[in-house]
Every structure is written in C-alpha cells, then in structure tokens.
Amino acid sequence: MDIRALTPSYAVSPQITPEDLPAIKAAGYVTVIDNRPDAEIPGALHTAAMRAAAEALGLTFVANPVIGGALTEANVTAQRQAIDSAAGPVFAYCASGNRSSVVWALAHVGRMSADDLIGIPARFGYSLDWLRPTLEQA
C-alpha cells in the first residue's frame, strides 16, 4: 500500500485490499472513499467486500465510483460531502490514485488556489495541469 498524503487530512492511493485497512486505520484515517467502479476490479475488491471490511474496523466507507473519462458533478459533490462530513482524515483510492486526486482538486475549487490544487498532487506524480481552467473558475 502506498499512502500519498496530499494534505494532513486527505490521502490518495492506488487500489487497496481488505488486508490494507488495519494499516490505514492505524495511520489515523477514519473515512475511506472508494473511487473505483466495480466493473474494473476482481470481485474480492468490489465495493461490498471493501465496505464490510472497513466497517468491521469502525471506518466510515463511502463508495463514489469515478469512471475514467466520465467524471460527473455528482462525483465531485459526493467527494466534497464525504470529505466535509468526515470526523477525521480521509483516505481515497482508485486504480492509481489519479482519479482520487482529480476529484479532490475539483471538490476544493474556491477553497484553495489552482496552483495548490495542481501542485500538491504533482508532488506524487499526478499531473492535473489540464484541469487549470476549471480550477481557476472560483
């Protein structure tokens, strides 16, 4: 598991397994957001299995599947609501962490500068320069 803390309260990661959840909890995360659609992954990693494993540990689990190339405003709203309602740090995952970074940036339009929304994920290899026009619309 590769935790990439974009901020002290939000991290992204490539795909995790149920066995990774105890370490995520031990690292202080209280909410897990699954940004990966079930159609992309094996059954053992589907939303229901991941939700059951997370909730068994007392973690809040939010399913917000982001389809590559088909991100919606509903995805952004759901991510923002999950982040805003979390009782502590949030851990989001997808295939590589890129979609979780993109939806995080879009959820923070108007809350952080476009330079930060692009620069912070860039430290972990996520290039969000293509989003600049949208991120500057605040």
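How many salt bridges does a search of the whole structure find? I ran that search and it finds seven.

**Basis of the entries.** I note that this is a predicted model, in which local features need pLDDT of at least 70 and side-chain atom pairs count only at pLDDT 80 or more, while totals for chains, interfaces and linings use all residues. I number residues from 1 along each chain as its sequence is written, and I use heavy atoms for side-chain values, with hydrogens and water left out.

**Entry on salt bridges.** I took a salt bridge to be a side-chain nitrogen of Lys or Arg within 4 Å of a carboxyl oxygen of Asp or Glu. Side chains of opposite charge can pair when their charged atoms come close.

I looked up Arg-4 and found its side chain in a salt bridge with that of Asp-2, at 2.5 Å from N to O. For accessibility I used these classes: buried is under 20% relative accessible area, exposed is over 50%, and partly exposed is in between (1.4 Å probe, protein chains only). Arg-4 counts as buried because its relative accessibility is 15%, and Asp-2, at 35%, counts as partly exposed.

I next looked up Arg-51 and Glu-55, whose side chains meet in a salt bridge at 3.8 Å, N to O. Both belong to helix H2 (residues 47-56); because they are four residues apart there, about one helical turn separates them. Helices (H or I, at least four residues) and strands (E, at least two) are DSSP runs, numbered from the N terminus. Arg-51 is partly exposed at 29%, and Glu-55 is partly exposed at 44%.

I also recorded a salt bridge between Arg-132 and Glu-136, with the closest N and O atoms 3.2 Å apart. A network of salt bridges links Arg-36, Glu-40 and Arg-99.

**Entry on aromatic pairs.** I searched the whole structure again and found two aromatic pairs. Rings of Phe, Tyr and Trp (its six-membered ring) pair if their centres lie within 6.5 Å; planes under 30 degrees apart count as stacked, over 60 as edge-to-face and the rest as tilted.

Tyr-10 and Trp-104 are stacked, with 6.1 Å centre to centre and 25° between the planes. I placed Tyr-10 in strand E2 (residues 10-13) and Trp-104 in helix H4 (residues 98-107), 94 residues apart. Both Tyr-10 and Trp-104 are buried.

Tyr-29 counts as buried at 8% relative accessibility, and Phe-91 is buried at 0%.
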